Amino acid sequence: MNIEEFKKYGHEIVEWIASYYENIRDYPVRSQVSPGEIFNKLDGAAPEEGEQMSRILKDFEDIIMPGITHWQSPAFHAYFPSNTSFPSLLGEMLTSALGAQCMIWDTSPAAAELEEKVMIWLRDMIGLPESFSGVTQDTASTATLCALITAREKKSNFGVNSNGFFDQKPMRIYCSAETHSSVEKAVKIMGAGNNNLVKVGVDDNQAVDIRLLRQAIRKDIEAGFQPLAVVAAIGTTGTVAIDPLKEIAAVCREFDLWLHVDAAYAGTALILEEYRWMIEGIEDVDSFVFNPHKWMFVNFDCSAYFVKDEKALSNTFSILPEYLKTNTTGKVKDYRDWSIQLGRSFRALKLWFVIRSYGVNQMKKIIREHINMAKSLAEMIREHSGFEVLTVSLNLICFRLRPYQAESLEEINQRNKNLMDKLNASGKIYLTHTKIGDKLVLRMVTGQTYLTEADVRRSWEVIKEAVER
Ligand SMILES: *Cc1c(COP(=O)(O)O)cnc(C)c1O
């Protein structure tokens, strides 16, 4: 492809993107294909000769698009959103145009220094203390892994990095039973072994039970284990439950444990002063992660990881082979030492585009609107005799069909599952489920970037119609 063709198709693709967003409500929100359907339509072997871009784009429309689930559709209420926005898209286009690999300062000083700056902006926007330094990561999973490995190294005086676990007592990590599965994955990878992840019971609000947490730690100490870290969830994935951070922090101080906060989704709401109560006790936190790539209009991937002891992080991960030594080593931030992989993309650019293009006030306004949409939707659901609302936290509603008299738990759970399957198969709306105790509930998030009140009402009509018909 030459530069003239690049221009022609570049313009064409921007037009395509604009019309995709104009018409996004017309697509079936969850892809309606069956397993294998896309695979079997694709050529068996790579083409020997290059093909025309026009043919590739036609196959993109005909073969690929039917297998896409439309995460940017305002009828997408499943999981958590993975938002993008027009400024983010533009930033990402430039990032891929530059194609810079931003592993160290020398390989693009602007990437390192912009990252340092936008992480300060983000830190201040969400109300973290100035003692925190930030770095982008690909995902919250990686950030949590970095946190636990750093905790391990600090606790062992960098002994595990040097000698392995050879002279260590088994390390124990604590989180609530509702905490995200990425914690278990991190515990496996960092070497403690997932039998040493203690999943503490939750209270009626699905938040960690402090009394049980303290008990578990005491018991472990008596049994000769080495308590290492607690992962607090500010916004669990099931119901956006908020662990009591201040009380957890007191426990961590008492037993000298690393405290990591997983606020992957709910962290965005911290730009609103009225939600800062969620991080009361933050001064005693060691590390914190949230994902601008979920609710903050920045396209995947872009996770924001903050640490109090930046030296502990870089000492844990630093390596300095001859070929990476430069004249600036030690004088600048080389972010390759702040995470697992060496290569890193220029994520800060899209973050900068988004924050500057919206401005903090507009971002606050939209996040507030999303939360208010959930409140008014929950009201509508409550008023309907066929449904009950179990939880509303930020912009996530957990609700279900109201059980009939004498209906068993299995029956009511099945009836809710059937409703969800029917809704998702209609292509008109997409939502997912979780369990609260033994109750299967439907989760509905109102957090898509371009969501409007009218969209939420339309989604509610779809649900009502499915039940009333
Ligand atoms: C989404 C989510 C994660 C995982 O995020 P990734 O960036 O996909 O790794 C972790 N914790 C919570 C609470 C989440 O909602």
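Visitor: Leaving aside its neighbours within four places in sequence, which residues is Lys-294 in contact with?

Guide: In this predicted model, Lys-294 is in contact with Phe-80, Pro-81, Ser-82, Asn-83, Ala-264 and Tyr-265 once neighbours within four places in sequence are set aside, where contact requires heavy atoms within 4.5 Å.

Visitor: Why is Lys-294 called buried?

Guide: The cut-off for buried is under 20% relative accessible area, and Lys-294 has a relative accessibility of 17%, so it counts as buried. Lys-294 is found in helix 11, which covers residues 292-295, and UniProt, in an unreviewed entry, lists Lys-294 as "modified residue: N6-(pyridoxal phosphate)lysine".

Visitor: What makes up the lining of the largest pocket, by class?

Guide: The largest pocket holds about 630 Å³ of space, and of the 22 residues that line it, Trp-16, Ile-17, Tyr-20, Tyr-21 and Leu-89 are the closest to its centre. By class, its lining has 12 nonpolar, 6 polar and 4 charged residues. Helix 1 (3-22), helix 3 (53-64) and helix 4 (86-98) each supply at least two residues of this lining, with helix 1 giving the most, 6 residues.

Visitor: Which element gives the most to the lining of the second largest pocket?

Guide: The second largest pocket, with a volume of about 330 Å³, is lined by 14 residues, and those nearest its centre are Phe-6, Gly-10, His-11, Val-14 and Met-93. Helix 1 and helix 4 are the elements that give two or more residues to this lining, and helix 1 gives the most, with 8 residues. The lining residues of the second largest pocket divide into 10 nonpolar, 3 polar and 1 charged.

Methods: Residues numbered from 1 in each chain as written. Predicted model: local features only at pLDDT ≥ 70, side-chain atom pairs only at ≥ 80, totals over all residues. Heavy atoms only, no water. UniProt positions renumbered as here; feature names shortened; annotations may be inferred. Helix = DSSP H or I, 4+ residues; strand = E, 2+ residues; numbered from the N terminus. Buried < 20%, exposed > 50% of the residue type's maximum accessible area, 1.4 Å probe, protein only. 1 Å grid on protein atoms, 1.4 Å probe; cavity = no way out; pocket = protein on both sides within 12 Å on 5 of 7 lines; lining within 4 Å. Points joined across faces, edges and corners; volume = space filled by probe spheres on them. Nonpolar A, V, L, I, M, F, W, Y, C, P; charged D, E, K, R; others polar.
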